Amino acid sequence: MTTDHQTLALVLFSLFIAVTLAITTWCSRRRQGSAEEFYAGGRLFSPMENGFAIAGDYMSAASFLGISGLIALYGYDGMLYSVGFLVAWLVVLFLVAELVRNVGRFTLADVVAARMRERPVRIASGTSSVTVSILYLVAQMVGAGSLVALLLGGTGEAAQTGTVVGVGALMVIYVTLGGMRATTWIQIVKAVLLMGGALALTVLVLLRFHGDFNQLLLSAADRSGHGSDFLGPGLRYGGDWTARFDFISLGLALVLGTAGLPHILSRFYTVPTARAARRSVIWSIGLIGSFYLMTIVLGFGAAAIIGPDAVRESNAAGNTAVPLLAGALGGGADSTGGTVLFAIVAAIAFATILAVVAGITLASSASVAHDLYASFRRPGARQRSEVQVARLAAAGIGAVAIGLGLVARDLNVAFLVGLAFAVAASANLPVLLYSLFWRGFTTRGAVWSVYGGLVPAVALVVLSPVVSGGPDALFPGMDFQVFPLQNPGLVSIPLGFLAGWLGTVTSRETPDAAKHAETEVRSLTGAGAV
């Protein structure tokens, strides 16, 4: 990249950071001592505000950088991420949004513990939520490193390391000082910027091909080197049965994982009523659906205008396809228009990463303090101490995410998010659905359901081609691969449901009919909801 690219993008980066720090400072002046204020922003956001914040939380670096890059490299098969991320919201809308808002207070464990013995359930759910959050955070860190490495004209480890550490430090500041209120407003600002940037690029791509989407697809296929195969299934997930099962596994993880993501579930607690939560989801579906349609245009646009070879040369995983496309649409890397458009898109991508990591860090620190710490603290401890623990937990989680982000720097961000979705769908979704809809569900079933999905999901990832056994693995020089699929969802998600059922039918505990009735009435009507 030229010096002009670097200077302008860094100025825009700095401007966004200054704005977000100003928002954080403004929010920190409000009283953040109560758990309700710190975790849920006082439950004072409107459905539209929360809808934009949910969209801002969900449209991550994986969406903007990773999906477009995968489409640019693999065509049709890359679209699975766009479709899966969008369809997942139907599960959220119809199965969990309103019910979770009515039953819970701040975290997923609140929903499960409403009719179970609290301590074992909170420990299990808290552990699972922190694991999912850290996996999701790693993807954002990798995206930030790739973006700044491109901006500075190379893939130098020093630049990537500095960026990952800087993003980690900022997310800790956002969460510890501003809590949910600052995080929400940062996500709203980011959602507006991201939608505006994606819309502008989409219009420019379509104008380049005179509004003819068919011509765009044909040009992408010609430039790809794969011909018509680029527009059909099988380029990435075709061929042998292992690849086909990987395709099914990824699809299951994407569609079912959203309903188990801790930072998405926590957003339903920031509105005053269940009706507002449902309306928030409707707002977010409109924004998210529009965005994912645009990522398809951007991905094929990058393939047609930049070419997969140039994208792969810049970043092997395709994470830099959109910034490269922006430079080309503006008139080329050496033109003023290309410099400006590249810098704007790079800044928007950076804003995307900062906003998402803030939301994830807040949700995971809430799980540590509200679920794990609360299960071990002395009776009668002040509520304020829980918020202080959440702030300390944010720093610890940030440090872990930084370390893992540096290790996984060469993986595609959308792929990394797919792993987080698989763990969420395996460990969190079964226990959530069983708690809401199964009258006979017991505490043992809840604990077995969480660990029965979490442990296999993490173990299968460790034993998969992602970690060892190939040139693209985390540790290419080692080979302890046993599991053939890259995404564990096809195996670990059914195991989570099976473990929950098995734990319940083998339990001697008698389900509390009164508590179930109370929870059912509260979930459906909102009577007694916080």
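Contact means heavy atoms within 4.5 Å. By this criterion, and leaving aside residues up to four places away in sequence, F421 touches Y58, F85, Y136, A253, L254, G257, T258 and L261.

The model is predicted: local features need pLDDT of at least 70 and side-chain atom pairs pLDDT 80 or more, while totals for chains, interfaces and linings use all residues. Residues are numbered from 1 along each chain as its sequence is written, and side-chain values use heavy atoms, without hydrogens and water.

A nonpolar core is a set of buried Ala, Val, Leu, Ile, Met, Phe, Trp, Tyr and Cys residues joined through side-chain atoms within 4.5 Å; buried means under 20% relative accessible area, exposed over 50%, and partly exposed in between (1.4 Å probe, protein chains only). The largest such core has 151 residues, of which Y58, F64, Y81, F85, F268 and F421 touch the most other members. Helix α15 gives the most to this core, with 19 residues. Helices are DSSP runs (H or I, at least four residues) numbered from the N terminus. Because 32 of its 41 residues are buried, α15 is largely enclosed by the rest of the structure.

The structure holds 5 salt bridges, each a side-chain nitrogen of Lys or Arg within 4 Å of a carboxyl oxygen of Asp or Glu. Three of them are tabulated.

| Pair | Closest N to O |
|---|---|
| E98 and R278 | 2.7 Å |
| R122 and E118 | 2.8 Å |

Through shared partners, salt bridges join D110, E118, R122 and D371 into one network.

Conventions. Helix = DSSP H or I, 4+ residues; strand = E, 2+ residues; numbered from the N terminus.
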